[in-house]
Amino acid sequence: MVGVMNRLRNLDAYPKINEDFYRRTLSGGVITLVSSLVMLILFFSELQLYIHPVTETQLRVDTSRGEKLRINFDVTFPALQCSIISLDSMDISGERHLDVRHDIIKRRLDSSGNVIEAKQDGIGHTKIEKPLQKHGGRLEHNETYCGSCFGAELSDDACCNSCEEVREAYRKKGWALSDPESIDQCKREGFVQKVKDEEGEGCNVHGFLEVNKVAGNFHFIPGQSFHQSGFQFHDMLLFQQGNYNISHTVNRLAFGDFFPGVVNPLDGVQWHQGKESGVYQYFIKVVPSIYTDVHQNTIQSNQFSVTEHFQGMEGGRMQSPPGVFFYYDLSPIKVIFEEQHVEFLHFLTNVCAIVGGIFTVSGILDSFIYHGQRAIKKKMEIGKFN
């Protein structure tokens, strides 16, 4: 047993020196204090990294197909009334949605920006008392109402029981509704008067779109769009003459769900129109992103970058209707964010490296200062004797 103990004693890599041979210096004390402080700072920074997860980023080719892209938006137009704002979307696959109304909420705003009324677009038509029938007479007792579509019927038994249904029938036919006062439903509902009553108001439009995951655009324009002979036209509501002010504020625009660290560059962006009317365009590059937290919860979302451009009238004529257009394209590269905890062995290795490294560097520095002071002191003593 004694032999084993002696052998272990011979393996000691840290031989001890008698305290009588130690010599403590002021410089050594200062270096010890500073190195201990640095060691503590680095230790706690490493501990913080160990406690909190770190996010690893990877880039991969996006091979997904047939997915949908959700666009969440909240846009305010301080000088356009809700009754004339129309939302359209289309993409390069040929799919188009004109005058989108589902999942859209419009809020009327007064000149100070306060909400007057909020309702889902296209809901809540005025009830018509004794409206005009197809045959020209007024609705009598116990008679089922079937309003005329004024030539835009797709079938003989088609009915248009409200101004909105007449406008929809016209849009499907590719006709422009140039004189709403001539339409009985619009006249009885006070459609034109409603638009006139909202003059001077603003509108906040918010909601979301579900579109194909391909390049496309969506836009807000005054009036309605309709499609005819392969071309898209716009009914600019001729009774609303004048210069359309498309000043706007993008309160929020996001392609997908929120995830930690995402920055939407258009949130809070404002643009004020000068004297010239035109088209304000946003060109957006959408980057698919996947975020996975430490609990393996995954969020499929997107990030984007954007550039802006204003196109005014050329030669007094506009190449396209006034409005705010958002053109988006998708990047073929997918960004993957993954939260990870630092492993304990990695943390332990870093702590040992911190302690050992600082201890070694401070020892070298102390030795350099100590031997330097001794050399200077010897030279000074030799100089005195000489």
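Modeller: We will go through a helix, the nonpolar cores and the disulfides.

Modeller: First, this is a predicted model, so local features need pLDDT of at least 70, side-chain atom pairs count only at pLDDT 80 or more, and totals for chains, interfaces and linings use all residues. Residues are numbered from 1 along each chain as its sequence is written, and side-chain values use heavy atoms, with hydrogens and water left out.

Biologist: How many residues does helix H2 have, and what does it span?

Modeller: Helices are DSSP runs of H or I with at least four residues, strands are runs of E with at least two, and both are numbered from the N terminus. The expected span of a helix is 1.5 Å times one less than its number of residues. Helix H2 (residues 26-51) has 26 residues and reaches 38 Å from first C-alpha to last, close to the 38 Å expected.

Biologist: Which residues of H2 are buried?

Modeller: Buried means under 20% relative accessible area, exposed over 50%, and partly exposed in between, with a 1.4 Å probe and protein chains only. An α-helix has 3.6 residues a turn, so residues three or four places apart point the same way. In H2 the buried residues are Ser 27, Gly 28, Ile 31, Ser 35 and Glu 46.

Biologist: Which residues have the most contacts inside the largest nonpolar core?

Modeller: In soluble globular proteins, nonpolar side chains tend to be buried together. A nonpolar core is a set of buried Ala, Val, Leu, Ile, Met, Phe, Trp, Tyr and Cys residues joined through side-chain atoms within 4.5 Å. The largest here has 35 residues, and Phe 220, Leu 253, Ile 284 and Phe 326 have the most contacts inside it. Strand S2 (68-77) is among the elements giving two or more residues to this core; S2 gives the most, with five residues. Apart from this core lies another, of nine residues, including Cys 149 and Cys 160.

Biologist: How many disulfides does a search of the whole structure find?

Modeller: A disulfide is a pair of cysteine sulfur atoms within 2.5 Å. The search finds two. Cys 82 and Cys 203 form one, with sulfur atoms 2.1 Å apart. This pair links distant parts of the chain, 121 residues apart: Cys 82 sits in the loop between S2 and S3, and Cys 203 in strand S7.

Biologist: Why does Cys 203 count as buried?

Modeller: Because its relative accessibility is 0%; Cys 82 is buried too, at 8%. The other disulfide joins Cys 149 to Cys 160, S to S 1.8 Å, and its 95° about the S-S bond is right-handed.
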